[in-house]
Amino acid sequence: MDLETQQVAVNCNKCKGDFVINTIKLEKFNGGIERNYFTCPHCQEQYTAFYTNQKVRKNQTEMAALRWKIQRATFINKVNRFLKQIEALRKDNEKEMNRLREEMGRR
Ligand SMILES: [Zn+2]
């Protein structure tokens with residue numbers, strides 16, 4: 001999911017050219033929905049990486065805060081509790097992002 005920090009080599013479905021994803025662009029829709037996408041540098045074909053809405057982004061911020069807390073936690077039971085919270089948020093986001101992809105794909 002963390003495409004911004006990874007060098008992912010992909011092959012374009014349309015022109016079959018190879019390229020590395022280094023820029024994720026953002027397209028905004030009504031209702032706070034954002035599409036994260038990238039384009040093939042050879043033929044400009046657009047590929048959707050994922051969609052987010054306010055709920056997804058709020059969960060992402062919460063997950064980052066929990067990871068920060070884990071790094072500073074001194075008790076293992078606290079760490080485990082934070083890890084469980086992160087896992088719940090991750091699952092919640094996965095569901096929400098799949099739902100958004102389906103909803104937006106129909107447009
Ligand atoms: Zn292409």
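In this predicted model, the contact between the two helices H1 and H2 draws on Lys55, Val56, Asn59, Glu62, Met63, Leu66, Lys69 and Ile70 from H1. On the side of H2, the partners are Val79, Phe82, Gln85, Ile86, Leu89, Arg90, Asp92, Asn93, Glu96 and Met97. Sorted by class, the residues of this contact comprise nine nonpolar, three polar and six charged ones.

The geometry of the pair can be described next. Helix H1 covers residues 54-72 and helix H2 covers residues 76-105; their axes come within 9 Å and cross at roughly 160 degrees. Because angles over 145 degrees count as roughly antiparallel, H1 is roughly antiparallel to H2. The crossing of the two helices H1 and H2 is left-handed.

Turning to the whole protein chain, its secondary structure consists of two helices and five strands. Along the sequence these elements follow the order β-β-β-β-β-α-α. The radius of gyration of the chain is 17 Å, whereas the globule rule gives 13 Å for 107 residues; the value for the chain is well over that of the rule, so the chain is more spread out than a compact globule. Along the principal axes, the C-alpha atoms fill a box of roughly 55 × 30 × 15 Å.

Two further figures concern burial and contacts. Of the 107 residues in the chain, 7% are buried. Among contacts between residues at least 6 apart in sequence, 36% join residues at least 24 apart.

Technical notes:
Residues numbered from 1 in each chain as written. Predicted model: local features only at pLDDT ≥ 70, side-chain atom pairs only at ≥ 80, totals over all residues. Axes fitted to C-alpha atoms, helices over the stretch in contact; angles between N-to-C directions. Helix = DSSP H or I, 4+ residues; strand = E, 2+ residues; numbered from the N terminus. Parallel < 35°, antiparallel > 145°, perpendicular 65-115°, else oblique. Left-handed = near helix turned anticlockwise from the far one by under 90°. Contact = placed C-beta atoms within 7 Å. Nonpolar A, V, L, I, M, F, W, Y, C, P; charged D, E, K, R; others polar. Rg over C-alpha atoms; globule rule 2.2 N^0.38 Å. Buried ≥ 20, exposed ≤ 12 C-beta atoms within 10 Å, placed from the backbone.
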